[in-house]
Amino acid sequence: MARTQAQLEQSQRQLDEMRKQLNELQHQMAQSGANAGTQSPSASSTSSQAKPEATSAAIEDIRERQAMQESQIATQEQSKVESESKYPIKVTGLLLLNGFVNTGAVDMAATPTVALPGSGSTGASVRQTVLGLDAHGPTLFGARSYADLRVDFDGSPVSGNSSTTAYSGYYNANSTLLRLHTAHAGLQWRHTEAYFALDHPIFSPDTPTSLTAIAIPALAWSGNLWTWNPQVGITQDFGPSDSLNIRLQAALIDVGDAPLSPPIPISGTSTITPPNNAEQSRWPGVEARIALQGPAVNNDKDRSHFGVGGYFAPHYSSVLGHGYDSWAGTLDALLFLPARLKFSGSFYRGQALGGVGGGAYKDFAYRIDPDTGGYYFRPLDDVGGWAQLKERISERLEFNAAFGVDNAFTNELRRYTIAADSMYQRLARSHTYTGNVIYSPSAYLQFSLEYRHLESSPVAGPSASSNIIGLGAGYKF
């Protein structure tokens with residue numbers, strides 16, 4: 001609206017200037033009337049008619065543009081969404097249709113993360129459609145307040161306390177539920193930000209680019225620590241200038257359980273949803289990151305950086321009667337290269353990372369003592385990461401190629417009995433190759449063709465793989 005209003009004011013100034021020039025032209029023509037006899041009648045008539053006609057046409061064009069801009073302003077005023085606090089709210093979204101061809105069996109046909117033995121599948125889905133709200137509130141303590149919310153339709157009516165409730169086993173097209181995607185709210189000063197959020201961990205700030213992997217981000221469970229968990233934190237930038245500075249981040253995080261956390265039995269027949277293992281420890285998790293940031297490119301969020309992060313969260317399993325610690329050390333980078341290339345990636349080494357998107361879906365392994373009925377228990381070590389190379393040909397066309405791997409230590413898994421009825425409990429390693437092209441003919445339309453090779457290795461037995469061809473068509477609003 002501000003941009004349109006400025007254009008309207010500029011058009012009004014141009015109109016006033018044209019009127020002034022027309023008046024001056026008419027005055028000059030009146031003064032030169034006495035000298036009209038020195039010109040031929042036809043030439044004088046042509047000259048006197050051409051200039052006023054051209055000026056009148058220009059004025060009429062400006063009037064038409066002015067009327068159109070006034071109409072646009074009136075439309076925006078009528079369609080503006082306003083909250084009870086009288087601060088405007090912007091409605092955003094991505095209506096997304098994605099088609100898929102899987103050459104082998106996968107855990108979820110539309111959003112696969114694990115390859116299985118068996119035949120493939122073909123289909124289409126709109127479950128990854130995203131709706132959002134963006135709000136900007138009053139200034140408080142000299143800071144700008146803001147909030148945003150995103151939801152999608154990839155939920156599942158699964159009982160459990162995992163932050164990744166989409167993992168109900170095999171894909172069921174009728175189990176779609178509205179699902180909270182991400183959320184943020186905070187206060188933002190020039191160099192400081194205080195916030196709370198439901199989002200990926202701060203030690204994993206980037207994610208690979210994809211138009212066919214929105215509900216579950218690209219390379220999830222193949223090196224991308226992506227899971228959305230509640231956090232409250234602070235960010236502080238230090239440095240001699242905005243083009244080169246150091247960013248410090250710290251937050252408390254409530255880490256969800258890995259998707260395989262066992263339920264608590266009650267009277268031998270029913271179950272309840274208990275507090276997750278991090279909450280049962282009665283201590284919050286902590287995460288931190290320090291990064292060197294370069295100058296902004298395109299916008300303030302698209303900046304080259306190199307970061308080092310850390311994470312620690314105590315856990316306690318009341319089912320197994322064991323406590324354990326989840327921890328990680330991370331490296332991340334985003335670098336702008338010559339020829340419009342951009343490299344991004346992340347690497348981690350840690351333990352019990354199922355709650356943040358690693359560990360082959362597991363925090364720990366266990367087996368039952370046949371003599372006592374007790375549990376032998378082992379938190380699982382894990383290593384992994386991902387890397388992506390982006391080639392942005394123009395504002396409308398880009399190419400992306402990426403690779404990711406997540407690897408729980410197989411020698412730790414072999415020493416424990418792995419439940420045969422769960423594809424995730426048998427999983428020791430998962431890696432993915434992917435490449436895509438994204439074409440945006442306008443700011444509102446996006447189209448993509450993507451190829452993925454997904455390979456999953458169990459603790460014992462042959463690996464399973466699937467080639468995945470995905471098509472995406474999205475309308476942004």
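Thr434 counts as buried, since its relative accessibility is 12% and the cut-off for that class is under 20%. The model in which this residue sits is a predicted one, and Thr434 belongs there to strand β20, which covers residues 427-439. In the protein chain as a whole, buried residues make up 44% of the 477 residues.

**Surroundings of Thr434**
- The side chain of Thr434 reaches the backbone oxygen of Tyr451 at a distance of 3.2 Å.
- Leaving aside neighbours within four places in sequence, Thr434 is in contact with Leu219, Asn400, Ala401 and Ala402, and also with Glu450, Tyr451 and Arg452.

**Aromatic pairs**
- A search of the whole structure finds 10 aromatic pairs.
- In one of them, the rings of Phe203 and Tyr311 have centres 5.4 Å apart and planes at 35 degrees, so the pair is tilted.
- Because Phe203 lies in the loop between β7 and β8 while Tyr311 lies in strand β13, this pair ties together parts that are 108 residues apart in sequence; both Phe203 and Tyr311 are buried.
- The rings of Trp221 and Tyr361, with centres 4.1 Å apart and planes at 15 degrees, form a stacked pair.
- Trp221 lies in the loop between β7 and β8 and Tyr361 in the loop between β15 and β16, so their pairing ties together parts that are 140 residues apart in sequence.
- Trp221 and Tyr361 are both buried, and together with Trp226, Trp228 and Tyr424 they form one aromatic cluster.

**The chain as a whole**
- The secondary structure of the protein chain comes to four helices and 22 strands.
- Of the contacts with a separation of 6 or more, 65% are between residues 24 or more positions apart.

Definitions and conventions:
Residues are numbered from 1 along each chain as its sequence is written. This is a predicted model: local features need pLDDT of at least 70, side-chain atom pairs count only at pLDDT 80 or more; totals for chains, interfaces and linings use all residues. Side-chain values use heavy atoms; hydrogens and water are left out. Helices (H or I, at least four residues) and strands (E, at least two) are DSSP runs, numbered from the N terminus. Buried means under 20% relative accessible area, exposed over 50%, partly exposed in between (1.4 Å probe, protein chains only). Contact means heavy atoms within 4.5 Å. A polar contact is a pair of N or O atoms within 3.5 Å; within protein, one must be able to donate a hydrogen and the other to accept it, and residues adjacent in sequence count only if both atoms are side-chain atoms. Rings of Phe, Tyr and Trp (its six-membered ring) pair if their centres lie within 6.5 Å; planes under 30 degrees apart count as stacked, over 60 as edge-to-face and the rest as tilted.
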